Amino acid sequence: MNVVALVSGGKDSCYAMMKCMEYGHQVVALANLMPADDSVDELDSYMYQTVGHQIIVSYAECMGVPLFRRRIQGSPRHQKLGYRMTPGDEVEDMFILLNEVKRQIPSVTAVSSGAIASDYQRLRVESVCSRLGLVSLAYLWKQDQSLLLQEMMTNGIVAITVKVAAMGLDPRKHLGKDIGFLKSYLHKLKELYGINVCGEGGEYETLTLDCPLFLNCRIVLDGFKIVMHSSEAVAPVGILHPLAFHLENKAESCSSSGIDKTSEICKEKVGFVFEVQGDCLRRPEATCQSAAEVTKLDEVAERRLHISRTKNHNTFSICCWLQDSCETSAGLHEDLEAVLRKIELKLVGYGFGWENVVYIHLYIADMNKFSIVNETYVRYITQEKCPFGVPSRSTIELPLLQVGFGSAYIEVLVANDQSKRVLHVQSISCWAPSCIGPYSQATLYKEILHMAGQLGLDPPTMTLCSGGATAELEKALENSEAVATCFNCSISTSALLFVVYCSTYVPSSERHRIQDKQDTFLKQMRLFQLDKGSIVKVPDPIFLYVLVPDLPKRALVEIKPILYVPEDADVTTGTVQELSCVRMPSYWGFQHAHWHDSCFQKCVVHGKIFAVILCITSEDVLKICSESLGGDQDNRDYQNSFHEEQMERVSRFCIYLLDKLYMQNNFSWDDTQNLRFYFPTSLGVPVEALSLMLTNAFNELAEMGQRVKIGEEPIFNLVPVLGAGRSATSMDDIITCELFAQKA
């Protein structure tokens, strides 16, 4: 990509440019924001470093690329963490500046910044980029500061301190000093006082005088004076005011393909400095649907739109799908519009909106139309509609049309308040894959961390790693761990449940390696966490493997972890004792048998969370049916196909076993957040018949035990797949149930 680099003069923004070029991008322009008054060194800004701004003008000549500058007119008016366009805010100066760069150099598609740890700054850069249709590149984001500082020195960045404001840093001693000279002292201060060695906490600021990107010349500071802002004994504050400097030509101009190409792109602007003035704020265009479009969607919605909803008072799921034949499906765009609109109307009916949505499962019939899906999706789920953060999301291709569903199928997890905490990093970085658009990496709500589906993407390049399914899985787990770390937890010690989606492009002979790799990774990660003194929050997670036709980017695997993040960091969970003294029900003639225990995995956080994966194999079906038909029955015909009479028995068994597990672990059906029944397309039982069987089973349970409340909408949803199971090598269940419950 062609990049405009935001430069303050500091070491971080310069090293961020170097990382951009390392990953194959081209720096074609520089952008800088400076004080309105040249005599002022520093502004009361939350966004911009301006100390040393007098020297930035020389960067254009040093690098041989154009420099665009703007005098800061605004002030920090919108001071909440998440930014929304605010006239008069200093962020709008960045918008105007970058908008002009884009106008003069239309090939620019990305913006580089040196953000390392500040969410405040990162979110504002991302907001501006989003409005301008640019990609944010933040390759230093979340990197270890000690390692970063060493890398900068090793890679030839020469920078001096131009501001100090921390314990142990004396303006008279430490201003104007080379950062390489101060490196060991900064590490000492980190040990003594906990400072950020890269100055991310405002401890110090730097000015870069030379680096490998300065092909033509380096900056030599001839004179400066120290200006004291505060003479406090503990942490005096002072800045360096440049008085004179000159440029020193480099004897041999080193070659850099990125800069060479930059010169070719904008030869007429090489070394050019342009000051951007005026006010050209562009108001976002309102997008709305015409009455004709709404009417058309309403007509589509009449084509057998189906809704399911769980009954949990705190967090519940709404699922919506169209039940159509392949011939009557209007297409992916129209079907997705109908489903999104129906869910939106449902949310409004409950007194909620998209801002209450925690997570979205987006199932589509054709991954080749992923771009169409996103275009439609962003018309409904936007930053403006979700001021507290956009929901996390996983997108999966399912065999929807093969079972008579429409082309789009959506499940949303809804919170009854807005206390969720959202991590949404849109910048491309070395940290974890970016989420460019209205979906976030993870959402924490009521101690449950709902993580977006993770692919095996290399974060800085956003491409799938090479090496096949196991390599992708390992990278996806690493990415998940990076996200979990932001919430002070680990997938190895806090995970409740892993859903692993496997593409049919993974050869069956390689599937066993997926599970082996996952087991090995999590065991090693857990040992690493325990060595660090971490506490195991969840004893053993449970696993579900799902075989699907395709995944985004033609990935081979996608993982979706759900983690327990207690508000009290020292909380641990022990082994949960089942309520053996409670008399278990005996519905539909089922009696406890030892083999029942082999049908399920469960993960329980006592009094809080209950997760179950229930797997019914063909062998289990034979046992279930033989119990009802008598042990002497000839079951040979059951081994090849499963008929509706058998599936009715299996459906009742699933509900019986789930109800029994609920009772044993002191949970109720009202605690259910989501309840999914995965069934293979090869099952041979019509989806309408399967839905009716489960509905009837719940109705019968309500009549017999009154432990479940039945409304107009079912509390479960049916998910068609190519296969599912408890292991990557045996995704051949007849039916698989995923249940997640949480106490209100």
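Me: What makes helix H5 count as largely enclosed by the rest of the structure?

Reply: Of the 14 residues of H5, 10 are buried, so the helix is largely enclosed. Buried means under 20% relative accessible area, with exposed over 50% and partly exposed in between (1.4 Å probe, protein chains only). The buried residues include Tyr120, Leu123, Val125, Val128 and Leu132. Their cover includes strand S1 (2-6), helix H4 (90-104), strand S4 (108-112) and strand S5 (135-137). This is a predicted model, in which local features need pLDDT of at least 70 and side-chain atom pairs count only at pLDDT 80 or more, while totals for chains, interfaces and linings use all residues. Residues are numbered from 1 along each chain as its sequence is written, and side-chain values use heavy atoms, with hydrogens and water left out.

Me: How do you know that the length of H5 agrees with that of a helix?

Reply: Helices (H or I, at least four residues) and strands (E, at least two) are DSSP runs numbered from the N terminus. The expected span of a helix is 1.5 Å times one less than its number of residues. For residues 119-132 this gives 20 Å, and the end C-alpha atoms are 20 Å apart, which agrees. Just after H5, Gly133 takes a positive phi of about 70°.

Me: Why is Ser45 called buried?

Reply: Ser45 counts as buried because its relative accessibility is 18%. The residue is found in the loop between strand S2 (26-34) and helix H2 (53-56). A polar atom of its side chain lies 3.0 Å from the backbone nitrogen of Met47, and the side chain reaches the backbone nitrogen of Tyr48 at 2.9 Å.

Me: What makes S26 and its neighbours paired strands?

Reply: Two strands pair if DSSP finds at least two bridges between them. S26 (residues 672-680) is joined to strand S29 (residues 735-742) by 6 bridges, and these strands run antiparallel; Leu675 stands opposite Leu739 in S29. With strand S27 (residues 717-721), S26 pairs in the parallel sense over 5 bridges, and Phe677 stands opposite Leu718. S26 is also mostly covered, as 9 of its 9 residues are buried.

Me: Why are S11 and S14 called edge strands?

Reply: An open sheet of 5 strands has the order S11-S12-S15-S13-S14, with mixed pairing. Strand S11 (305-309) and strand S14 (392-397) each pair on one side only, and they are the edge strands. S11 is joined to strand S12 (residues 315-323) by 5 bridges, and the two run antiparallel. Leu305 has Leu322 in S12 as its bridge partner.

Me: What makes a set of residues a nonpolar core?

Reply: Such a core is a set of buried Ala, Val, Leu, Ile, Met, Phe, Trp, Tyr and Cys residues joined through side-chain atoms within 4.5 Å. The largest has 96 residues, and those touching the most other members include Leu496, Trp669, Leu675, Phe677 and Leu739. Helix H17 (residues 644-664) gives the most to this core, with 10 residues. Apart from it lies another core, of 51 residues, among them Ala5, Met18, Cys62 and Phe214.

Key. Contact means heavy atoms within 4.5 Å. A polar contact is a pair of N or O atoms within 3.5 Å; within protein, one must be able to donate a hydrogen and the other to accept it, and residues adjacent in sequence count only if both atoms are side-chain atoms.
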